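Biologist: Please take a close look at one part of this fold for me. I have a question ready once the picture is up.

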Amino acid sequence: MRLHRLTVTAFGPFAGSETVDFDALAAGGLFLLRGATGAGKSSVLDAVCFALYGETPNARRANRLRSDHADPKLLTEVRLELTLGGRRLQITRLPEQRRPKKVGTGTTVERPQTLLREWTADPGDGTPGWRPVSKSHQEAGEEIHRLVGMSREQFCQVVLLPQGDFAHFLKADSEERGKLLRRLFDTERYGLVEAWLAEQRRAQESAVQAGRRRLRDLASKAEQAAGPGAEPADGWVPIEDGDDGLTAGVLGWAAVLRSGAAEQLTVTEAALAGAAASQRAAQEGRAAAEELAGRQRRYREALAEAERLTGFEQAAARDRQRLAAAQEAVGVESALRLRGGAAEALGRAQEAERRRWEALSRVGGEGHALAGTDAAGLAEAELRLRAEVVRLEAARAEERRCAELAREQRSLTADRRGAEELAEDAEDWLAEFDGELGRLEEQQSRARAAIARVEQLDGQRAELKTRLDASRERDGLRAELETAGPRVAELRTAALDAREHSLDLRDRRLTGMAAELAEQLRAGEACRVCGSPEHPAPAEATEGGRVSAEDEERARRAQAAAEQAWTDADQALTALRVREATAAGAAGPDTADALSRSLAELEAEHREALHQAEALGRVEQEIDRLSQDRTRRLNELHEAKERAAVLTDRLQALDAEQRELTARVAAARGDAASVADRAEALTRLTGEVTATAASARARAEAAARLDEAEDELGKAAAGAGFPNVGAALAVLLPREERERLEARLERHRAESAAVRHELALPELAEAATRPPVDLPAAAAALGAATDRLGRAHAARSAAGERCAALASIGRQLTDLAGELAPALERYGRINRLAALASGTSTENRLRMRLESYVLAARLEQVAAAASDRLVRMSGGRYTLIHSDDRGTGNKRSGLALRVVDAWTGTERDTATLSGGESFFASLSLALGLADVVTDEAGGMPLDTLFIDEGFGTLDEQSLEEVMDVLDGLRERDRAVGIVSHVADLRSRIPAQLLVRKGRHGSTLALAGREDA
């Protein structure tokens, strides 16, 4: 990486734009960056870091990038040209900053910008130049980081060797030294490996602990399942932290428990078989006792039932006699039921006839007249009433016709009145038609005149608009001319000044060439111009310094640019004058305000005329509509008169028909309110007469049926052998009573037969001769046997469940042992690795963490590279070595530095070095660290290096030795910049960059040794 050019604008202490040409500055390899304290020497390095990474080395300056001295309109910008990986790049960065608003007052935030460009010899059009690579912050940052190969922290430590950092690094303890090394060498991945191993150890330990807990749980379950008399777990289950034989003892103990449980199961099965045999014998004895007791009970019950049936025999004989007499009188029962039904029917018929006569008498009028009439009279009255109802139906139709005629007359009267009103409206409208038509024709004439006026005003409006636009353009161009004139004069003056400056530089360069030749003269050497070895009056440089060819060329380009700007502005001024003259000719003498007022008046007149013209269509439509309305009104008037005449004739005919029908309807309804009321009354009377006649006929028929039933009853009593009907009724029983007697007698017979059969059984007779049975004793014996069997069953079940539970637990223990074996193996392996990586293992004799071990290797490389330079700086006395010694107390080892004194042959702590010796060692460390980090980052060559301060602690000889080492860096084609204000360095380093500070900001300038 080699820096070529740096330009800063409004950055840090620099108010304007300042440029550093590193190619010219570092041509000799070493250059000095000097200036007063606070002038901004470190800001130059900040600008380099900001251009590369978008951040400064010092976090305190991150929010103070913009210069407080800068013009608010001048944006802060850093531009760096450098070579990276063989590519010439230009990086331009603008930080986020506030700037004045382009429109209005106040400020706005300017977003950060990044531009990465690359110099290309042939970009495509044959002309070399800068080619854009990216405008994205992220893309540009990734590309730069890839090419540099270092992070910002690494770059700041390797390229910008900071003030005091390495002196602190030299004397720091291992922890603080490790913080810097971690930032530089990116050993985070080794720390992640340590964390990963620790996490894996915790995970595997958790799995093992979970297995141990499951093992203890299963052991507890097995001990509980085996019961209180089983082998205890003490001595079989391993302790908490023991991993060897973790499952073997538990598996052996579980096998012992299963063997004991199997023996108990065999014993309980034998006891269960004996208890079952005893229980079966007790059951058989109780069954035999219960059977004998049952036979004895049945015999006693049969004897008691035989005595009861003997006492009921006389009552059974009486029931048989009553049942025989009742069965002889059964033939009279049906005839008796017929007579009772006929009598009930006659009573109902008589009651119904009475109610009918009462209803007929309530009708009144003709109903009272029919009271006491026989059935024949009622039939005759019914026929007469029905004929009268038929005649009233015709009268009801005529009555309905009268009502319809009345409604039709009212409707026709209303229609005739509507037709007469319509005719009157049409006559009134036709009377006003001529006046309305005249008014509309007058409006039509005015609208047609307005149309002609609108066409005339359109032309005038277009002309006025054209003049107004031209007038406004004329006024605008005149304002531009007022501004452009002075601007052209300024550009003309600037072009003349640039030409004068260019000519002045040319003259000064010609004059300064003699001074350049005079500087090369040496006493006794021949002059290259005149050949004389004597030089009595060599030319001296003019005041203001030399003028180079580049200065002359820049002045010439500035002159050409100023003259071109003047020419362009003058041509633009001429074009403005031509346009102003054209616009003035089109606008005329009137001002824009006068033309605007005239146009406004014309617009108002145009709108009024246009409004009147737009009414033409509406007026013509109203005239057409009025003509159509006249035709319609004439038709309505004619039709209304004809309809009124027709309706009058129809009303007269309906009136005559209604008078005739009214007379006939009045005769038919009599005293009733209407024919319908008269017909309804006759219909109701006819119904009552019909119902009364029917009830009389029903009563006569019921009386005849009762007489027939009396005759049938007498004949049935005589046929059954009874002297009369009363004798038959005396012995007759209801059917339910007869059935009850029959059932009771049948039950007595069946019970007597059953008792005789029971007493005749030989086993009952034999049981009756034996003594009574003791059932409680047999039941007690069976209960005792059953209890013994239950206890034997419970013991057998418990033994079986114990065997099953222990077998299941044994299988679980076997499975768990298979699962824990690989887990224990993994835990042992990962635990050892994690302890080694974390430095806590006894195998790690240095107590050094993995990341510290890697950093120690890097530090060993740094110490070796630093010693190469420290030996030269210290005159062969000192070297730096890396030490693995453990720290005091609980501090770990690995990152200690020791200094070896060749004069005494001893090692001592770096804190014992003096101020100058500490600078030697710090600078050696910085340079050695730069070499190692460069190799670590991929070997990207660092052609530019900055060393910030520390030279003030050196004496003259030490300073000479340090300069020899720095010259060695220059021999590698590396440019080394020293940031210092030590006066002795000004005479030793000819190439210098001077930073001057002032009230209005700092500036940069190249200075020679003579400017010191």
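Which strands does helix α2 lie across, and at about what angle does α2 run to β1?

Modeller: First, the ground rules. This is a predicted model, where local features need pLDDT of at least 70, side-chain atom pairs count only at pLDDT 80 or more, and totals for chains, interfaces and linings use all residues. Residues are numbered from 1 along each chain as its sequence is written, and side-chain values use heavy atoms, with hydrogens and water left out.

Now your helix. α2 spans residues 41-53 and lies across β1, β2, β4 and β5 (87-94). Its direction is at about 100 degrees to β1. Helices (H or I, at least four residues) and strands (E, at least two) are DSSP runs, numbered from the N terminus. Axes are lines fitted to C-alpha atoms, for helices over the stretch in contact, and angles run from 0 to 180 degrees between N-to-C directions.

Helix α3 (residues 137-148) also packs on the sheet. It touches β4, β5, β8 (113-120) and β9, contact meaning heavy atoms within 4.5 Å. The direction of α3 makes about 140 degrees with that of β5.

Next, the sheet itself. It is open, with six strands in the order β2-β1-β4-β5-β8-β9 and antiparallel pairing. Two strands pair if DSSP finds at least two bridges between them. At the edges sit β2 (14-21) and β9 (129-134), each pairing on one side only. On average, neighbouring strands are turned by 20 degrees against each other, direction ignored.

Look at one pair inside. β1 (residues 2-11) and β4 (residues 77-84) run antiparallel, joined by seven bridges. Arg5 stands opposite Glu81 in β4.
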